[in-house]
Amino acid sequence: MNDERWPNNARSAVILTVDFSDDLGVRTQVPAIEGREKSLSVWRYGAKRGVDRLLDAFGEFDVPASWFVPGRVAETHRDSLRRIDAAGHEIGISGYRCEDFDALDLAAQKHAFDTGQAALVAATGRGAQGFRSFTGNWAPGFAPFLQERGIEWSSSWRGDDLPYFHHDAPLIELPLHYELEDEPYFAFNLAPPVPVGQSRIASYREVLANWKQDFDAFHRFGLCFVLRLHPEITGTAGRIGILRDLLAAMRERGDVWFATGAQVAQWWRSQRDANEPGHPVEIFERHRSALR
Amino acid sequence: MRAIEAARPHWPEGRRSCVALAFDLDGPTGGAMLDGSIWRNPSYFTLGAYGPWRALGRILDVLAEHSVPATFFIPAWVIENWPAQCRAIVEHGHEVAYHGYMHEAFWTLSPDEQRDVMARSMRLFDRHLGVRPVGFRTPSGDWSVETMRILPEFGVCYSSSMRGDDRPYLLDAASGLIEIPARWELDDYASLAYQRNPDFPAGLDRIASYETTLDNWCREFDGSHHDGLAMTTLFHPKVSGKPGRIALLEEFVGHMRAARGVWFAKCSEVASWWTASGQGTTT
């Protein structure tokens, strides 16, 4: 391992990411929700109330965040995007309508990206440097395409607690962990049911305790903590306190590097040019390509 | 004397109870690899690969710190793809044992298919680790009626596949095959595992509180220790070796370490003791 894993002798890195998908994410996940206004309003709450509440919390603790929007949201919620942009946060792209890339071929995935990116450029005057596949995957050949389009980093795959390179493009992955996402703990709708088993909403106190323990460990081991939030889930009056308490615990450490995805990707690329041998992405590609 | 007390096992050197910590190092093997869908699902592949790639090393550190032995049940595909990581298990003095090639569901395989999986696994354990395992844990828990007779053909002396007891027992008088049963309560999937596409839990139930999970685990140990039983675990590095959960393992092992009279053993030692002490005569 590198002696200086993070800049300025920081012990760990924290990337706060927000999926601002309005009602598009849930419409991809739960097609049966189409036309059900009450249920859709659960997710639309994010744009109406959650975004500003998250912006306030990030501002209070003076931390940057990396937001992902599908291009359609840049068209429908231009003012929200301008407020996010004006607050100094990064804005990445998650397709045009939070498409499920597992259901699209490579050409359709490229089209979703290009349409989304064009909408973002039209709304903010700038394209994204970061990309998130809404459901996590993409077809072989998509990473080099992202690279061609000027994308520097992705936060879609898993398998590591440090950044890594995709095998087929110098694209940096900032890997996810379900336990660092708010959706598995809190997303809820009665009917159509979300989650599908109608699980109870988790205890706020216990989730905060889990996240603090997760963060303590990422910090202890010097890792890259990628939090994944949603405005409609964490940006509520009752749950924003969980985020505030977590950010306060992180700030108390003093040696945490709060950075955007683009900053971490740039740093990682400046420090090394390849993964350690045996990395999951290389094993995956070795077997995948042998299948053809 | 009450029945539970009367059936209390006895352990080496008059120890009160036995703990055989065990980890299933599944990596990305399992149903999605067996049906090939994982090769279109890098998000899921990488989720599983985290186990051998990152979590295993931290677990080995915890075990070394507390000087406790463990048994790792490993699908041979994982050994083939991360041989250096798996060699570290052996170098740390832990036991490695069979767990299928790609985590096959043995109850769906014909006897000859089961033999193929065992033979292939045996070659890979030998080639990469120089080890001839004596233990077996059925991937997914269930086996077919023939499995019990197939295992001894490959030098297997014990299984840790069943759930129906809290003490070892004799599975097959002809071969002397011993069972070291586990319990769902000590499977980290029951509390902490979570994934989408494929979904687990099937209804996408929540990840449990770490604090209450640890409390459950400690109570499981306390009860097992009180009754003088053999406790093993179904922990998965990709689940309980995540950074935030390493502290759970540390506290759990610390809790057991603080108790007096615990015999920490590898599963093969438990099986040998059970037979040698004359307790392995009843099923």
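B:Cys18 lies opposite B:Trp263, a residue of strand 10 of chain B. The model is predicted, and local features were required to have pLDDT of at least 70, side-chain atom pairs pLDDT 80 or more, whereas totals for chains, interfaces and linings use all residues. Residues are numbered from 1 along each chain as its sequence is written, with chains lettered from A and ligands numbered from 1 in the order in which they are written.

Strand 1 (residues 17-20) and strand 10 of chain B form a parallel pair over three bridges (pairing requires at least two DSSP bridges; strands are DSSP runs of E with at least two residues, helices runs of H or I with at least four, numbered from the N terminus). Both belong to an open sheet of three strands in the order 9-1-10, paired in parallel. Strand 9 (230-232) and strand 10 (262-264) are the edge strands, each pairing on one side only.

In the largest nonpolar core, the members touching the most others among 156 residues are A:Ile15, A:Val69, A:Phe225, B:Ala20, B:Ile74 and B:Val270 (a core comprises buried Ala, Val, Leu, Ile, Met, Phe, Trp, Tyr and Cys residues joined through C-beta atoms within 7 Å; buried denotes 20 or more other C-beta atoms within 10 Å of the residue's own, with C-beta atoms placed from the backbone). Helix 3 (residues 42-65) of chain B gives the most to this core, with 11 residues.

The axes of helix 8 (residues 204-220) of chain A and helix 8 (residues 210-227) of chain B come within 8 Å and cross at roughly 85 degrees (axes are lines fitted to C-alpha atoms over the stretch in contact, with angles from 0 to 180 degrees between N-to-C directions). Helix 8 of chain A and helix 8 of chain B are therefore roughly perpendicular (65 to 115 degrees).

Key:
A residue is buried if 20 or more other C-beta atoms lie within 10 Å of its own, exposed if 12 or fewer, and partly exposed in between; C-beta atoms are placed from the backbone. Angles under 35 degrees count as roughly parallel, over 145 as roughly antiparallel, 65 to 115 as roughly perpendicular and the rest as oblique.
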